[in-house]
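Please keep the sequence and the coordinates at hand while reading.

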Amino acid sequence: MKKASALTAALSGKRSDAPSSVVDDFAKHTDSFSFPCLDRNGKESTSGVDDVTHELEKASLKGQTIAGSAPTAVILSNGSVAADYELNPYRRRGGEERVPTPQASVDDRLRWTSLGSASLQSNFMADALIGSLPQGLSINEREKIFANTPLSPTLSMLSSMPSDKVGSRTLEGRRLRRHVLKGAVIIFITAGYSGKRFIFEKAKELGVRSVIIDGPDSWCQTLQDDKMIEKFIGIDFSDAESVFDKCLAACKKVQKDLGELDGVCTFCEMAVPLVSRIAESLGLSGNSPAAVDAARDKHSTRAKMAAAGLPTPRNMLVQQPSDLKPAAEMVKFPAVIKPIYGAASIGVVRVNDMPQLEQAYKRVTRELAKAHIVAGALQQGEEDDEDSAADQAIEATVSQGNADSWIKLTLMLEEYLDGPEVDVDLVLSEGQAVYGAITDNWPTVEPYFNETGSNCPSILPTKQQQELMQMAVQSTQCLGFKQGVFHVELKYTSRGPA
């Protein structure tokens, strides 16, 4: 009998041993319209897995461009090249945005040269901003601001309507929602890369009066020329310490010019911590800074999930070499060492024993210590040969980088999880999931977990999809999220979802 390939095994998965009551309880509150991946009326079948994976395994990913809306070379009215993010070629699935650097691709070098270092520092908001943001407001401070913030005409109209009718999945419900949305004033903080133009085209179609705050040379200023948005406001991002105050002042100016605001949001991940603080300072609806910050910190995320009783891999912080042995004894092998913050995908490595852990720790710590904030973004430093230099004191390498002044570079050792990996994309409204979809990820290339591809809709068994969807919803809720669009990465392990 032919042995199943790694891809077939990953996509097929294993049957769940979770109690049926848990899944059934979740099923009562979902429907196939909002969660098309959970169509319980159809017959469950995995007979097509072999056929699908056979074709996928024949596909060559080398040299393929990123699917979806790619960045375009936007030329401003003065003839100069607009500032625009590049897409990370190693994050094909998520379209991860990154700042152009001269050390990267040919396109990156061309954009870097055309813009110049000073322009890049002014135009890109990235990791350097995070450490400079103020703490979130206290409950009393937040309540006082909300109590003294008048409702906009749009929000007043919305509050007067029956919530069940506005939220209903009917033609009448959609008509009401679009009627309320027409004329709403919404500020977008950073536009992301130029491939996201369609977001603002759709907003215009729905009657939204969009205002974008971004770098002074951003590609999105052309949207104002095209009358796609109400206004473009250029902000110099080079001084991270002043960005929050500048953005808040710009929002208040929009409020004075266009009337009461209906919302402030972003579709750029790097701007989410800033947006959460701007929203609460203006008395607008949004997720709390505490929820956003917890989601960015892997160790904090795990702690909150454990406190909520959700499945959580064994993990332990590693802040110095002496932490390695107790961490290994607690987590066991195989394990994964990673920074508690994303850190531009630097330093996520699988280790199978203590020697590998010690070697990986030296390498990851050295990479992080040499990382530089370049034009506001964390960039990996150049690697040394792994010889005696790797055994030098960590302090000797820290001086070669500057990232530690902005980003918490603490590491975490975490239990390695087996099984197929999935992406669960959710939409939350008033703390409840109103839409969800599951994408199967193909096996990554270990030990560095490089991506290979994905397929959607998921072809995992329906029961497993229900458990994964429930886990994703509960994970966002336990962090304190109330609204927005979320991307949750999970695995269906031999012990269930995690």
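## The parallel sheet

In this predicted model, four strands in the order β5-β4-β3-β6 make up an open sheet with parallel pairing, where two strands count as paired if DSSP finds at least two bridges between them. Its edge strands, each pairing on one side only, are β5 (231-234) and β6 (263-265). Direction ignored, neighbouring strands of this sheet are turned by 20° against each other on average. Helices (H or I, at least four residues) and strands (E, at least two) are DSSP runs numbered from the N terminus.

Strand β3 (residues 185-189) runs parallel to β6 and is joined to it by 3 bridges, and the bridge partner of I186 in β6 is G263. Helix α14 (residues 272-281) lies across β3 and β6 and runs at about 165° to β6; axes here are lines fitted to C-alpha atoms, for helices over the stretch in contact, and angles run from 0 to 180 degrees between N-to-C directions.

## Basis of the values

Residues are numbered from 1 along each chain as its sequence is written, and side-chain values use heavy atoms, with hydrogens and water left out. Because the model is predicted, local features need pLDDT of at least 70 and side-chain atom pairs count only at pLDDT 80 or more, whereas totals for chains, interfaces and linings use all residues.

## Strand β8

Strand β8 (residues 335-339) is largely enclosed by the rest of the structure, because 5 of its 5 residues are buried, buried meaning under 20% relative accessible area, exposed over 50% and partly exposed in between (1.4 Å probe, protein chains only). From β8, A335, I337 and P339 point one way and V336 and K338 the other way, and all are buried.

Strand β8 has antiparallel pairings with two strands described here: 3 bridges join β8 to strand β9 (residues 349-351), and 5 bridges pair β8 with strand β12 (residues 411-415). In β9, R350 is the bridge partner of V336, while in β12 it is M412 that K338 stands opposite.

## The packing of α15 and α16

Helix α15 (residues 289-296) packs against helix α16 (residues 298-307) at an angle of about 110°, with the axes 5 Å apart. The two helices are therefore roughly perpendicular to each other, a class that covers 65 to 115 degrees, whereas under 35 counts as roughly parallel, over 145 as roughly antiparallel and the rest as oblique. In this contact A294, A295 and R296 of α15 meet K298, S300, T301 and K304 of α16.

## Cysteines

How many disulfides does a search of the whole structure find? The search finds 0, a disulfide being a pair of cysteine sulfur atoms within 2.5 Å. C220 is buried, with a relative accessible area of 0%, whereas C456 counts as exposed at 55% relative accessibility.

Definitions and conventions: Contact means heavy atoms within 4.5 Å.
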